[in-house]
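User: I have a structure open beside its sequence, and I would like to learn how to read it. Could you take me through some features one by one?

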Amino acid sequence: MPTVTPSSAPSPSSSDPAELTDDRRVAGLLFRLDLHRRLAEHRSPLGTADGRLLWLLSDGRPRTLREIAEALRLEQSTVNRQVNGALAAGLLRRFTAPGRSARLLEPTEEGLARFEEATGQALGAYADGLAVLGADVGAFLDQLERFADAYGDAVREA
């Protein structure tokens, strides 16, 4: 079975963009972007769940399982499974703090190092993508922010 890569995947945007409505064109572009994002995640030194946990905990504030579940909007059982995996991999440590009944979680040095490596890799790819825009980067980011906000509003209202 042939492997589909982001550049070889068929999508609505591979036909003449002039023939597509704007909404279909953005859907095709977002499809391509999602394929690229998944490839980047696959090549990342961290799995997606570990990356999300470490992103949340990289602010230096230890959290309980419940706080992590609420922040990530995931079921506590899912977070428990993911945390146990991260603990086994040496990315997180669990400890008890005086005056707290629930145990807390925080990244280990290894976890932070792996997080920094993965983040640097991801941000480098974003920087490469933005570099082709030259002086238009600011306008692109402003437009993307407006689009993301409007799209989020539309999805929440649906």
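Analyst: Gladly! Let's start with D153 and R156: they are three residues apart in helix α6, so about one helical turn separates them. Their side chains meet in a salt bridge, 2.7 Å from N to O. A salt bridge here is a side-chain nitrogen of Lys or Arg within 4 Å of a carboxyl oxygen of Asp or Glu. Helices (H or I, at least four residues) and strands (E, at least two) are DSSP runs, numbered from the N terminus. Before we go on, please note that this is a predicted model: local features need pLDDT of at least 70, side-chain atom pairs count only at pLDDT 80 or more, and totals for chains, interfaces and linings use all residues. Residues are numbered from 1 along each chain as its sequence is written, and side-chain values use heavy atoms, with hydrogens and water left out.

User: Why does spacing along a helix matter for such pairs?

Analyst: An α-helix has 3.6 residues a turn, so residues three or four places apart point the same way. Here, R114 and E110 are four residues apart in helix α5 (residues 109–131), which means about one helical turn between them. They form a salt bridge with closest N and O atoms 3.9 Å apart. In helix α1, E41 and R37 are also four residues apart, and their salt bridge has closest N and O atoms 2.7 Å apart.

User: How many helices and strands does the protein have?

Analyst: There are six helices and two strands, and along the sequence they follow the pattern α-α-α-α-β-β-α-α. Of the 158 residues, 23% count as buried.

User: How do I read one helix in detail?

Analyst: Try its length, then its sides. For α4 (residues 76–88), 13 residues at 1.5 Å each should span 18 Å, and the end C-alpha atoms are 18 Å apart, so the two agree. The expected span is 1.5 Å times one less than the number of residues. The buried residues of α4 are T78, V79, Q82, V83 and A86. They cover an arc of only 125 degrees around the axis, so they lie on the same side of α4; the arc is that of the directions from the helix axis to the C-beta atoms. The face turned away from this buried side carries the exposed residues S77, R81 and A88.

User: What do the buried residues of α4 pack against?

Analyst: They pack against α2 (48–57), α3 (65–72), β1 (92–95) and β2 (104–107). Contact means heavy atoms within 4.5 Å.

User: What should I look for in backbone angles?

Analyst: Most residues other than glycine have a negative phi, and most peptide bonds are trans. R73 has a positive phi, near 55 degrees, and is not a glycine. R73 sits in the loop between α3 and α4 and, at 78% relative accessibility, counts as exposed. After α4 comes G90, with a positive phi near 80 degrees.

Note on methods. Buried < 20%, exposed > 50% of the residue type's maximum accessible area, 1.4 Å probe, protein only.
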